[in-house]
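Here is a short walk through the salt bridges of one protein model. Have the sequence and the 3D view open as you read.

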Amino acid sequence: MENKMRFGIKSKIIIGYLIVIVCLFIAFIVLNSQISSLQKERNFIIDHDIEVHDLTNRIEKHLLDMETGQRGYIITGEASYLEPYNSAASSWEKDYNALYQLLNNNPNQQEKLEKIKGSIQDWIEAAGEPTIALKKENNTKELQQFFEKDPGRQYMDDIRSQFTSFRNVEKKSTETRATELDEKNQKIKIGLYGLLLFVTLISLAIAIVLSNSIVNTIKEVTQTIKRITASKGELKGRIKVRSNDEIKDLGIATNALLENIEERNWLQTNIAHAVTMYQGIASVDKLAEKFLFTVSEMTGASFGAFYVREENDKGDLFVKQAAFADRKGDAGRESFLIGEGLIGQAALEKRTLVINDVPDTYQLIASGLGDVKPKSIFIVPVLFEDEVIAVIELASLHELTVLEQELISQVIETFGLTINGVIRRMEIARLLKESQAMTEELQAQSEELQTQSEELQMQSEELRMINEQLEERTKDAEEKSFELEAAKEDLEEKAHQLELNSQYKSEFLANMSHELRTPLNSILILSEMLEENAAKTLSEDEEEYARIIHSSGKDLLALINDILDLSKVESGKLDVLLAEMNMSELPDQIERNFSHVAEQKKVQLKINKAQDVPNIIHTDEKRFQQIVKNLLSNAFKFTESGSVTVSIQRVADHRLTTAMRTVDTDCWLEIAVADTGIGIPKEKHQLIFEAFQQADGATVRKYGGTGLGLSICSEFAKLLGGWISLSSEVGKGSTFTLYLPSLSNGLVDYEKVNFAYEEVAVSIEEAEPEAEITEIDHPVQPVEPSLPDDENVFQDKRVLIVDDDQRNIFALKTALAKQGMTIMTAHNGIECLEMMKNSEPFDLILMDIMMPQMDGYEAMQKIREELKLVDLPIIALTAKAMKNDREKCLEAGASDYISKPLDLNQLFSVMRVWLVN
């Protein structure tokens with residue numbers, strides 16, 4: 001009813017008049033429409049019919065003009081008579097088309113017009129144009145013959161009869177339209193009278209309905225008020241008004257007054273009941289339960305919690321004392337701080353919170369059939385002396401009405417005093433119990449104090465003794481701290497000393513390397529030249545002496561290199577340069593380097609490579625080659641007969657140990673070097689991997705060697721993330737196996753990998769290999785050293801040798817002079833610069849590095865910067881083969897770098913490259 005459109009009395013009267021006016025307006029519109037229709041039909045008759053008759057006459061006139069002009073021209077021969085003929089011939093079709101268009105709603109008349117048009121065209125073709133053409137040709141005879149027959153007259157008679165018939169039809173159509181117009185005019189008159197009658201009846205009906213609705217509604221209101229008055233205070237009755245006007249407003253206002261009076265009575269009754277129900281309650285929890293039960297019963301709330309303020313270390317805390325419709329104690333949280341959650345916020349702001357848009361995550365109300373989400377939450381603080389002492393939260397399945405909220409608010413106004421009174425009474429009772437308990441405790445404590453005083457005297461004596469002991473221990477601790485500090489300083493001094501010793505050792509090894517390599521360079525060059533015996537001046541014994549000298553020099557060079565490598569490994573200064581290595585070339589490299597050794601010792605060399613070995617791995621190829629070469633050298637050294645077998649395969653996944661799986665690698669490789677030599681006792685397996693150690697003294701005497709090879713191999717293998725294992729039996733041979741990862745992601749921290757060596761070795765030895773091994777059968781042929789080709793490259797080339805050692809100068813000068821080169825020498829950098837300024841240009845410079853007065857670095861810099869000789873090839877020669885020597889030489893201006901002792905083939909190869917370029 002509230003959504004029904006409102007119609008007041010005034011509105012009803014106005015709407016009644018408006019309906020009458022609308023009816024009159026509609027009648028006017030209908031009448032005007034009919035009159036306009038009559039006017040249009042009248043105008044159509046006037047305009048259309050007159051136009052049709054006019055066009056018909058004009059076409060007949062054009063035809064008459066054509067006939068007159070034709071005859072006048074034929075009779076007189078004057079061309080002026082053809083003007084009306086030609087004018088009419090060009091105009092009659094326009095009038096015909098206009099007439100034909102006017103009759104587009106009359107197909108019968110259009111059909112007659114088409115016949116008239118055909119007759120006119122026939123006359124023109126049969127009588128008009130032919131006779132004029134004959135006249136123009138002066139063909140009088142044929143004209144005479146034509147007019148004797150005169151076919152044109154018949155055409156004209158037909159045309160006139162057709163026009164007569166056409167006009168008669170049009171006249172009948174006009175009369176028919178006039179008759180229809182009269183009939184419509186009569187109908188309009190009848191309709192007008194009927195419309196006036198209808199409007200009159202509608203007006204009377206509206207007046208009766210409006211008057212009845214007003215009078216009947218007033219009667220209903222009056223009777224309802226009389227019934228309520230006669231009920232003697234019963235306010236349940238209400239005025240019911242069906243209309244939506246001012247009388248309904250009166251009824252609504254009266255009903256609102258009755259509802260207000262009824263609500264006030266209900267409110268006062270429930271407040272009185274609530275005030276009397278918590279009298280005589282002595283505990284807060286009982287009071288809270290009683291209050292929640294009563295308020296829930298009055299308001300229809302289905303869920304509730306009662307929080308009372310308590311003081312603690314964190315401040316005021318509101319603790320739950322009671323709950324209504326509690327389900328296993330889960331009705332709300334147990335406590336809130338002020339400002340925490342809605343409870344704490346209501347307490348902080350001292351205002352009531354009403355929430356009707358309850359979220360889905362709110363506490364559900366449990367019933368026997370399930371859980372129901374509440375629709376409204378009501379949180380109200382309880383004040384006492386303007387302080388919040390409690391907060392009550394209610395949840396309801398329906399939105400609490402304003403009256404129910406007002407009931408709770410008014411009950412709460414005096415409820416704070418009640419809560420405070422109960423709390424005070426509980427506090428008094430608690431204090432009374434505590435005082436009684438404290439009295440009893442004081443009596444017991446007085447007896448205990450006397451006993452404790454005696455115990456304290458004894459404890460004080462013990463504490464004095466303990467303090468003396470602590471003082472002694474403190475002094476001992478201070479002395480020990482001083483000793484530790486001194487030990488720390490001593491350790492730091494020793495660490496510094498060790499660092500200096502390492503530095504001195506590295507410098508000593510570098511200088512020793514230089515001092516050894518310098519004379520060794522001359523020995524190797526001169527012995528190689530003597531061994532070649534190019535002039536054929538030496539006997540076979542002397543050639544053998546030269547070969548022995550050259551071989552001994554190479555052994556000495558290998559010993560120097562081993563000592564330097566071992567020193568670098570021990571000091572942690574050995575660089576590992578990871579790069580891609582082509583494993584497919586490894587068998588050929590082994591074949592190339594050791595086939596002549598196998599041939600000399602008459603030992604068979606076998607190389608087996610598994611098909612699953614990747615073509616490319618990531619490792620330091622130089623160190624890898626050193627390991628393999630050392631293992632093969634040892635195998636051939638200790639094998640008198642039989643074979644040396646190299647097996648290269650990939651470690652299968654099921655053979656990988658836990659330690660091997662911890663390494664970040666693409667794959668693990670297993671390179672085994674097996675020989676049929678003398679073998680190694682089991683108790684010596686670990687010993688041989690130590691520096692300067694071999695199986696026994698007899699081995700040293702018989703086979704020679706320093707015992708550094710395996711030690712260096714083991715250290716190199718660790719640097720590359722792997723290790724070397726040994727399997728050997730005396731008299732049957734040995735197998736050294738290198739396990740190495742492909743380090744595509746960088747170096748491995750060997751200490752972190754923490755290989756359990758024995759466990760790994762055992763697990764790998766016990767696993768059966770599954771990889772298919774392909775034996776590579778290469779014919780074992782001795783490899784002859786390649787000699788430099790195109791020796792005429794060196795002919796007449798001017799070469800400057802800069803070295804402070806006469807032995808080196810003599811050896812190099814002798815070797816180069818044999819190639820046809822012109823040799824000049826200088827003993828230091830200063831002499832070199834002087835000679836370059838004062839002599840003819842040189843084709844190439846061989847520059848020693850370690851020289852007095854001005855070393856090779858400074859000399860090369862001055863040649864490039866001061867003398868501006870940028871393109872002059874300078875090959876640096878140094879015996880101090882330490883870390884970064886090559887980079888330092890190239891930065892100083894060297895074109896290339898060769899370490900001493902020199903290999904003549906290598907030297908000639910490098911010189912040829914730079915002289916050709």
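A salt bridge here is a side-chain nitrogen of Lys or Arg within 4 Å of a carboxyl oxygen of Asp or Glu. The model is predicted. By that rule, it holds seven salt bridges.

Begin with a linked set. Glu461, Arg464 and Glu468 are joined in a network of salt bridges.

Next, go to Arg655. Its salt-bridge partner is Glu670, and the closest N and O atoms are 2.9 Å apart. Where do the two residues lie? Arg655 sits in the loop between strand 12 (643-650) and helix 13 (658-661). Glu670 belongs to strand 13 (residues 668-675). The pair therefore ties together parts that are 15 residues apart in sequence. Are Arg655 and Glu670 buried or exposed? Both are buried. Buried means that each has under 20% relative accessible area.

Now turn to Arg351. Its side chain meets that of Glu349 in a salt bridge, at 2.1 Å from N to O. Arg351 has a relative accessible area of 41%, so it counts as partly exposed. Glu349 is at 35% relative accessibility and is also partly exposed.

One more pair remains to visit. Lys732 forms a salt bridge with Glu729, with 3.5 Å between the closest N and O atoms. Lys732 counts as exposed because its relative accessibility is 59%, and exposed means over 50%. Glu729 is partly exposed, at a relative accessible area of 43%.

Conventions
Residues numbered from 1 in each chain as written. Predicted model: local features only at pLDDT ≥ 70, side-chain atom pairs only at ≥ 80, totals over all residues. Heavy atoms only, no water. Buried < 20%, exposed > 50% of the residue type's maximum accessible area, 1.4 Å probe, protein only. Helix = DSSP H or I, 4+ residues; strand = E, 2+ residues; numbered from the N terminus.
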